[in-house]
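Biologist: I should like to go through this model with you, element by element. Shall we begin with the structure itself?

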Amino acid sequence: MGSYRMQRRYNQMIGLVTGVAAWALRCLCLCVLRRQPSNQRIGQLGENLVARFLLRRGFLIIGRRNSRFGAEMDLVGVDFQNDEPELVAIEVKTRRSMSGLRTKAYPLVSYRQMRRLQSALSQLATLYDISMDRARVDTVLVHWPNNATMPAVYRMQGKPLSKA
């Protein structure tokens, strides 16, 4: 039990340090150099931001852009917030504008893509010998408007695979 707390504290510290460094770099590029990143770069920055966001909340990121078992999982992590660790696949969507759409009602991932992610995660869970009630798929929306240094992050936690 104590090792989970130590891992969580370590992950929080790493997430905080890398977050401050990334924020300073974004401010330099946006304010001093006045360059707007491309859509692909915004997507990469969104994934990095979500990885740091989850590290600060006690996650351990074990994979990025894992394209095994027929689906690409943007991030694969272990959630140490509960009594037992959980295997989590995180799908990240980065948007520049929301155009009036509410965050909770916005369909981030299609039904077909969610089924592919759940199938891939269940195969990954059996590979690591983790039970299905300890694996889930989360979706994260990063709203990053133009000329903004800090985006908004909305995390939607999924249900365990055995209950889905």
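Modeller: The expected span of a helix is 1.5 Å times one less than its number of residues. Please note that the model is a predicted one.

Biologist: What span should the 17 residues of helix H3 have, and how far apart are its end C-alpha atoms?

Modeller: Helix H3 covers residues 111-127, which is 17 residues. At 1.5 Å a residue the helix should span 24 Å, which agrees with the distance between its end C-alpha atoms, 24 Å.

Biologist: In what order do the strands of the open sheet lie, and which are the edge strands?

Modeller: The open sheet has 5 strands with mixed pairing, in the order E1-E2-E3-E4-E5. Two of these strands pair on one side only, and so are the edge strands by that criterion: E1 and E5 (152-156).

Biologist: Which residue of E3 is the bridge partner of leucine 75?

Modeller: E2 and E3 run antiparallel and are joined by 5 bridges. Within E3, the partner of leucine 75 is isoleucine 90.

Biologist: At what angle does H3 run to E4?

Modeller: H3 lies across E1, E2, E3 and E4. Its direction relative to E4 is about 130°.

Key
Residues are numbered from 1 along each chain as its sequence is written. This is a predicted model: local features need pLDDT of at least 70, side-chain atom pairs count only at pLDDT 80 or more; totals for chains, interfaces and linings use all residues. Side-chain values use heavy atoms; hydrogens and water are left out. Helices (H or I, at least four residues) and strands (E, at least two) are DSSP runs, numbered from the N terminus. Two strands pair if DSSP finds at least two bridges between them. Contact means heavy atoms within 4.5 Å. Axes are lines fitted to C-alpha atoms, for helices over the stretch in contact, and angles run from 0 to 180 degrees between N-to-C directions.
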